[in-house]
Amino acid sequence: MGPMSKVTLLKPQGSYSEIPFYSGKVSAGFPGVVDEHMEDSLSLDRLLIKNPVTTFFAKVEGDSMTGAGIFQNDVLVIDRSLTASDKDIVVALLNNEFTVKRLRTQGTLRLQAENPHYADIPITGENELVIWGVVTGVARSLK
């Protein structure tokens, strides 16, 4: 079957503190005028976790999902209470191995990589597939 992006599951613990939130726009082009929009706070757990009881984190190993903006060592936010639909990014248990892929249900049922170096994985009677959860977010450290 070849290499694929794997995940290591982790259960979220505790809660993040409220962090000051800059509500103005941050320019990715030319620097803009500095506004004083420090008006609110943001809780990362409230932003990323909708159902705490059914939410897990997973650390990514591999590069099969780079086209979807998911890279080596990223942390996925996975909600097990959601029902996966076509085009959702899912954590799947495929032949007793966890992987992260895009679920494709239109036409042939398959798990789709987001990297041209990896082929789709057709789901046939030869594969044992369990959709473990739906990826709802990604966290990444830039340093």
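Me: How are the helices and strands of a chain defined, and in what order do the elements run here?

Reply: Helices (H or I, at least four residues) and strands (E, at least two) are DSSP runs, numbered from the N terminus. This is a predicted model, in which local features need pLDDT of at least 70, side-chain atom pairs count only at pLDDT 80 or more, and totals for chains, interfaces and linings use all residues. Residues are numbered from 1 along each chain as its sequence is written, and side-chain values use heavy atoms, with hydrogens and water left out. The chain has 1 helix and 10 strands, in the order β-β-β-α-β-β-β-β-β-β-β from the N terminus.

Me: Which strand runs antiparallel to β5?

Reply: Two strands pair if DSSP finds at least two bridges between them. Strand β5 (residues 75-79) is joined by 5 bridges to β10 (residues 129-139), and the two run antiparallel. Within this pair, V77 stands opposite G137. Strand β6 (residues 89-94) also pairs with β10 in the antiparallel sense, over 5 bridges; there L94 has L129 as its bridge partner.

Me: Which residues make up the largest nonpolar core?

Reply: In soluble globular proteins, nonpolar side chains tend to be buried together. A nonpolar core is a set of buried (under 20% relative accessible area, 1.4 Å probe, protein chains only) Ala, Val, Leu, Ile, Met, Phe, Trp, Tyr and Cys residues joined through side-chain atoms within 4.5 Å. The largest here has 12 residues: V7, A58, V60, M65, I70, L76, I78, I89, V91, V100, W132 and V135. Two or more of these come from each of β4 (55-61), β5, β6 and β10. A second, separate core of 8 residues includes A92, L94, I123 and V134.

Notes. Buried means under 20% relative accessible area, exposed over 50%, partly exposed in between (1.4 Å probe, protein chains only).
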